[in-house]
Amino acid sequence: MRRAALTLCGLVVAALLGPAGTAAAAPRPRLVALSSVDSTIIQDIRYATPHNFTGRVVPGYQAPLCLLTAPAARALHRVQQNLTRRGYSLKVYDCYRPQRAVDRFVAWSRDSGDHTMKAEFYPEVDKSRLFDEGYIARRSGHSRGSTVDLTIVKLPAEPTRTYRPGEPLASCYAPRAQRFPDASIDMGTGFDCFDERAHTLDPRITGTAHADRLWLKRLMEGAGFTGIPEEWWHFTYRREPYPDTYFDVPVSPGR
């Protein structure tokens, strides 16, 4: 596997990696640090922390950084400019995701003995069904570099407290005041909620939460992104530079 250096000043990643982590002849993908394009977008990279459905830092996330292809990062900048004029900000949960992280998710889904985070992330779904029902997949658009998971927060943003492993967990679809506090406006569920309530148009999500989901959807579509019906937080830049290649460069601050 060939890897290129990452630099934090105008961070650019270049690599020659293909599907399933094998070497690809061309093209040479380039990822930028979102912070080098727009430093005002809040980053809460969950897989670089234990506050995710596995309960552990995920392999491939060596630092809490959002990396994206340059066109996707610039499109997010346009959304952010729109939001900040109204007193809001984007907050990203995940951006480029190495294939090794996706492989870890698949392996975790088959570990029948690990239910550490069930009470928050999949309270009503049997873990043995997560893969078959599409919550876990062998390939993710995130590994192509132009997909992002995100939400909207009101400014000034409240700081997100550190998750303490072993602390009591609240269901991802509990009322907003009961869920883990991450400063998001009300979207009806938390991020990575493995439940049909996370579907963008689930009829049980009404009022403000329904309106907030549609607002995020309109903003992202207006900047060139496409969402998926099953996850209100998930968007892919339509003109992604690498639509058929899945990369495995770790998320890491190079020197």
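1. In this predicted model, the second largest pocket is lined by 26 residues, and those that lie nearest its centre are Phe180, Pro181, Asp182, Ala183 and Ser184. Helix 4 (118-121) and strand 7 are the elements that give two or more residues to this lining. The volume of the second largest pocket is about 370 Å³, and its lining comprises, by class, 14 nonpolar, five polar and seven charged residues.

2. The largest pocket holds about 600 Å³ of space, and of the 31 residues lining it, Gly134, Tyr135, Ile136, Ile228 and Glu231 are the closest to its centre. Two or more residues of the lining come from each of helix 3 (99-109) and strand 9, with strand 9 giving the most, namely four residues. Sorted by class, the lining of the largest pocket has 14 nonpolar, seven polar and ten charged residues.

3. Turning to the sheet, five strands form an open arrangement in the order 4-6-7-9-8, with mixed pairing. Strand 4 (42-43) and strand 8 (225-228) each have a single partner strand and stand at the edges, so one side of each is left without a neighbour in the sheet.

4. Strand 6 (residues 88-94) pairs with strand 7 (residues 147-154) in the antiparallel sense over six bridges, and Asp149 in strand 7 is the bridge partner of Asp94.

5. Helix 2 (residues 70-84) packs on the sheet, where it touches strands 6, 7, 8 and 9 (231-237), and its direction makes about 145 degrees with that of strand 6. Helix 5 (residues 207-222) also packs on the sheet and touches strand 6, strand 7, strand 8 and strand 9, its direction making about 125 degrees with that of strand 7.

How values were computed:
Residues numbered from 1 in each chain as written. Predicted model: local features only at pLDDT ≥ 70, side-chain atom pairs only at ≥ 80, totals over all residues. Heavy atoms only, no water. Pairing = 2+ DSSP bridges. Contact = heavy atoms within 4.5 Å. Axes fitted to C-alpha atoms, helices over the stretch in contact; angles between N-to-C directions. 1 Å grid on protein atoms, 1.4 Å probe; cavity = no way out; pocket = protein on both sides within 12 Å on 5 of 7 lines; lining within 4 Å. Points joined across faces, edges and corners; volume = space filled by probe spheres on them. Nonpolar A, V, L, I, M, F, W, Y, C, P; charged D, E, K, R; others polar.
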